[in-house]
Amino acid sequence: MNIDLILRGGRIHTMSAVGTTDAVAIHDGRIIALGEDALRLDARVTRDIRGKTVLPGFIDAHAHSVWFGLTLVELDVAPARSLDEIYALVAERASDTPAGAWIIGAGFNQMSVGNRYPDPDRLTIAAGGRPVWLKHTSGHACVLNRAAMSETGVYEAALRGVEGGRIVLDERGEPTGLLEEQAMRLVQDVMLPYPLARIEEALEAATAHYVSEGLTSVTDAGIGGGWIGHSPQEFSAYQNVLARGSLRTRQQVMPESSTLARHGEPGAAGSFVGFNTGVRSGLGDDRLQLGPAKFFLDGSILGATARMTEEYHHCAGSHGYYQGNRDDIRGHALDAGRGGWALAMHAVGDEAVDLAIDIAHTLRAEGITPPMPHRVEHGGVVRPEQLTELAEAGLTVIGQPRFLTLYGDGFREFIGDDRAEWSFRSKSLLDAGMSLALTSDRPVAPGAPLSVIESSMLRRTESGHLYGAHERLTIDEALAAYTTGPAQVTGWAGRKGVIAVGALADLAVLGADPRDVLPEEVSDIPVAATVLGGEAVYDPEGVIAV
């Protein structure tokens, strides 16, 4: 029997006890042999990769695929370095936008424009009276102009307030156009759901981009509901794109917690929290799977809405806030855990991390074992004593070191240097015995795996400040945190993230070995090819294809 493919002549880092080898044999989507054992087999295709480096396909355990795909077609305001530049970009887009149609922009970050926010009147003028919706890069806020505020009922809502969110007012008590957290639902109630075809187009664009960076598995951290969802049919969009053969990467998706409802009376036999059918985490296969349920406990440091035990330095008296009543959030998360869901708890501030630890401890004390590990998303500030508590609760923190490169100077201004030392940890998580998964949170930040890996080793801000030197990773630790670590966190240990007999044949073929270059050169390494299940899904130079 001839097997499907043999790759030889390169440096193959297995990310296992085998270490490095020079050949890998693939058949029927899986790895069947390594080294000399592989070379003894006959294959329909044998490719000499001429010294290139092969790693397991990269795994991003926290991104937003639908959201990211949409940003590829929406107005990108991230390059703007002044408010005038934002107004100019809006005016340019307005010239190609029908009268009355919405102008939707992405990537706004007030730190890039002198810590200022667009004026709603100036936005209205720039847009020629069209409604404008600018999404903050954190995903935890947005800016509207006058026309958009009128269409979404912001003026009326400002009088009654919004639980778990805020409509920011000026000194006269008038809405400024800035909406935080749950207040963004005012826009979504008007704009959503997005058409299914648009979501499918976004997924195709996102996953085509992913494979150009060596990514083979991605977890979409929140679909179907809340401010992070774009349609209740998002999972259907995933199924449709997969059926067409244009979902380029393996996808695990997290339903947002508002999609889970209580069925039956609390405490009664048969009562549970979840979907009508009882479907829960783990359903699916290696191409498309339901992951944990996503629970938003708090907000973001960028928006000063993350819940902290100590106040923000730039905003005296403010500790951020929970996205709703704390006890209600806790109860809903516990009921979901009892119903068989793994939990992915968005907790950026250290007080929110306390709540996540409490929830996980409670479930563990009740003897409930999740179908895949419970997680804390982000952990923007984790106090030293919380490291042990997290490990004891069976949690790990899913971090984004690229944030430090792009936003670290602003973080320091907001939370101070003392808390910055506890911020977006990496090395201390490993030292505490937790699995480590580095992620992008794309499109909150640019998310090519090699750039995130580089940031985890350097931890340098845009000003050159060394942000938490004790948290820097070695190249081996960083590579593991994009392969074996996220495989463990997402419930696929041994089947993804390694080049081993029986594992899925997912590979990233690189033009240089990350172990051979300086840390600041890692992001410049080209991705020569990406292999998913033994098939080349990205191969611009014909490295794999015949």
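These notebook entries record what I looked up in a predicted model.

**Entry 1. Ground rules.** I number residues from 1 along each chain as its sequence is written, and side-chain values use heavy atoms, with hydrogens and water left out. Because the model is predicted, local features need pLDDT of at least 70 and side-chain atom pairs count only at pLDDT 80 or more, while totals for chains, interfaces and linings use all residues. I take helices (H or I, at least four residues) and strands (E, at least two) as DSSP runs, numbered from the N terminus.

**Entry 2. Largest pocket.** I looked up pockets; a pocket is an open set of points on a 1 Å grid over the protein atoms alone, where a 1.4 Å probe fits, with protein on both sides within 12 Å along at least five of seven lines. Grid points are joined across faces, edges and corners, and a volume is the space filled by probe spheres set on the points. The largest pocket holds about 620 Å³. I find 28 residues lining the largest pocket, with Ala78, Thr137, Tyr407, Val444 and Pro446 closest to its centre; a lining residue has an atom within 4 Å of a point. Two or more lining residues come from each of α2 (65-71), β8 (103-108) and α13 (402-420). The largest share, five residues, belongs to α13. By class I note 12 nonpolar, 10 polar and six charged residues in this lining. Nonpolar here covers Ala, Val, Leu, Ile, Met, Phe, Trp, Tyr, Cys and Pro, charged covers Asp, Glu, Lys and Arg, and polar covers the others, Gly among them.

**Entry 3. Second largest pocket.** I read a volume of about 450 Å³ for the second largest pocket. Its lining has 27 residues, and those closest to the centre are Tyr117, Arg166, Val168, Leu178 and Glu180. The elements giving two or more residues to this lining are β11 (165-169) and β12 (175-181). β12 gives the largest share, four residues. The classes in the lining of the second largest pocket are 13 nonpolar, eight polar and six charged.

**Entry 4. Six-stranded sheet.** I then looked up the sheet that holds β11 and β12; it is an open sheet of six strands in the order β7-β8-β9-β10-β12-β11, with mixed pairing. Two strands pair if DSSP finds at least two bridges between them. β7 (75-76) and β11 are at the edges with a single partner strand each, so one side of each has no neighbour in the sheet. β10 (residues 141-144) and β12 run antiparallel and are joined by three bridges. Across this pair, Ala141 stands opposite Glu180 in β12. I recall Glu180 from the residues closest to the centre of the second largest pocket.

**Entry 5. Five-stranded sheet.** Another open sheet has five strands in the order β18-β19-β20-β21-β22, with parallel pairing. Its edge strands, β18 (293-296) and β22, each pair on one side only. β20 (residues 375-378) and β21 (residues 397-399) run parallel, with two bridges between them. Val376 is opposite Val397 in β21. Helix α10 (residues 326-338) lies across β18 and β19 (343-347), at about 170 degrees to β18. Helix α11 (residues 350-365) packs on the sheet and touches β19 and β20, its direction making about 160 degrees with that of β19. Contact means heavy atoms within 4.5 Å. Axes are lines fitted to C-alpha atoms, for helices over the stretch in contact, and angles run from 0 to 180 degrees between N-to-C directions.

**Entry 6. β24 and its partners.** I checked burial, where buried means under 20% relative accessible area, exposed over 50%, and partly exposed in between (1.4 Å probe, protein chains only). Six of the six residues of β24 (residues 527-532) are buried, so this strand is largely enclosed by the rest of the structure. β23 (residues 507-510) pairs with β24 in the antiparallel sense over four bridges, and Leu510 has Val527 as its bridge partner in β24. β24 also runs antiparallel to β25 (residues 535-538), with three bridges. There Leu532 is partnered by Glu535 in β25. β24 and β25 form a hairpin with two residues between them, and Gly533 in the turn has a positive phi of about 60 degrees.

Entry 7. I list two cis peptide bonds. One joins Leu192 and Pro193, with omega about 0 degrees; Pro193 is in the loop between α7 (185-191) and α8 (196-211). The other runs from Arg442 to Pro443, with omega near 10 degrees, and Pro443 is in the loop between β22 (437-438) and α15 (449-458). Asp28, a residue other than glycine, has a positive phi near 55 degrees. Asp28 sits in the loop between β2 (20-27) and β3 (30-34) and is exposed at 66% relative accessibility. Arg459 also has a positive phi, near 50 degrees, in the loop between α15 and α16 (475-480). Arg459 is buried, at 0% relative accessible area.
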